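This report follows selected side-chain pairings and surface features through one chain. Please keep the sequence and the coordinates at hand while reading.

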Amino acid sequence: DIEIADNADFSRSPFITAKSLQLGIELKPLILSKRLRITGISLDNVGITLINASEGKWNFSDLGQKRQEAASKARKSSGNSSQTDLLVEQLKITDGQLIIVDGNKKPTIYEDVTVTVRNFSSTSSFPFTLTASLPGGGNLKMEGTAGPLSAIDILRTPLDTSLIVDRFDLIASGFAHPNSGLSGVFNFTGKTMSNG
């Protein structure tokens, strides 16, 4: 039973929960060359809550900022300009649930979320695959590359993916309010790209 705290400005509830965690680390690269090489991270039965504040900022937007600021200060004080490189050969999330809380709207829940990331590094692009069951019975599959991670706002991370959405329900997804007069179910196949 693992819990990772949320940004205190957003929630006192956990940001991530998981029933189990498996972790593999290679010690030789860490000792000899200060490279943290993780062979695998696997989280099972995961719950992730994403919260959008009224001013448009998300609870995960500044992930890693404080760690990077602390590392930068440590490098300056020690006079060492090199930084420890973090590498993860495979990151896998299985049997996940993603809850999106956007203002006063009813939370949107995505079930059966599976994420696989290979050769993850915060300083270069990495391939990933994401699948999920959509509210209302549809499915989503996204695969492509992301990165390097933005140090300012994680939403500014470059992205190049193919996206397949099957049976996206406008009302069940929370995209349209039931009283808006807008409803429907649609499919989408295409590419999404962002340079940050």
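In this predicted model, Asp-1 and Lys-19 form a salt bridge whose closest N and O atoms are 3.2 Å apart. The pair links distant parts of the chain, since Asp-1 belongs to the segment before β1 (2–5) while Lys-19 sits in strand β2, 18 residues apart.

The structure holds five salt bridges, and another of them brings together the side chains of Glu-89 and Arg-37, at 3.1 Å from N to O. Because Glu-89 lies in strand β4 (residues 85–102) and Arg-37 in strand β3 (residues 35–52), this pair ties together parts that are 52 residues apart in sequence. Glu-89 is partly exposed, with a relative accessible area of 29%, and for Arg-37 the relative accessible area is 29%, which again counts as partly exposed.

A further salt bridge is formed by the side chains of Lys-141 and Glu-143, with 3.8 Å between N and O. Lys-141 counts as partly exposed at 37% relative accessibility, and Glu-143 counts as partly exposed at 36%. Salt bridges can also share partners, and in this way Glu-26, Arg-37 and Glu-89 are joined into one network. The three bridges described so far are set out below.

| Salt bridge | N to O distance |
|---|---|
| Asp-1 and Lys-19 | 3.2 Å |
| Glu-89 and Arg-37 | 3.1 Å |
| Lys-141 and Glu-143 | 3.8 Å |

The surface also carries a nonpolar patch, formed by Leu-21, Leu-23, Ile-25, Leu-27, Leu-30, Ile-31 and Leu-32, which together have about 710 Å² of accessible area. Strand β2 (14–26) and helix α1 (27–33) each supply at least two residues of this patch, and α1 gives the most, with four residues. One of the members, Ile-25, is found in strand β2. Ile-25 has a relative accessible area of 41% and is therefore partly exposed, since that class covers values between 20% and 50%; the value also passes the threshold of over 30% that patch members have to meet.

Strand β5 (residues 108–121) pairs with strand β6 (residues 126–133) in the antiparallel sense, over five bridges, and a hairpin of four residues joins β5 to β6. Within this pairing, Glu-111 has Ser-133 in β6 as its bridge partner. Thr-116 also has its place in strand β5. Is Thr-116 buried or exposed? With a relative accessible area of 15%, Thr-116 is buried, because the value falls under the 20% limit. Leaving aside residues up to four places away in sequence, Thr-116 touches Leu-91, Lys-92, Pro-127, Phe-128 and Thr-129; of these contacts, Pro-127, Phe-128 and Thr-129 fall within the residue range of β6, whereas Leu-91 and Lys-92 fall within that of β4.

Aromatic side chains make pairs of their own, and the count comes to four aromatic pairs. In one of them, Trp-58 and Phe-60 form a tilted pair, with 5.7 Å from centre to centre and 40° between the planes. Trp-58 is buried, and Phe-60 is buried as well. Elsewhere, ring pairs link Phe-168, Phe-175 and Phe-186 into a cluster.

Note on methods:
Residues numbered from 1 in each chain as written. Predicted model: local features only at pLDDT ≥ 70, side-chain atom pairs only at ≥ 80, totals over all residues. Heavy atoms only, no water. Patch = residues over 30% accessible without salt bridge, like charges linked within 9 Å, V, L, I, M, F, W, Y side chains within 5 Å. Areas by Shrake-Rupley, 256 points an atom, 1.4 Å probe, with all protein chains shown as cover. Salt bridge = Lys/Arg side-chain N within 4 Å of Asp/Glu carboxyl O. Buried < 20%, exposed > 50% of the residue type's maximum accessible area, 1.4 Å probe, protein only. Phe/Tyr/Trp six-rings, centres within 6.5 Å; stacked < 30°, edge-to-face > 60°. Pairing = 2+ DSSP bridges. Contact = heavy atoms within 4.5 Å.
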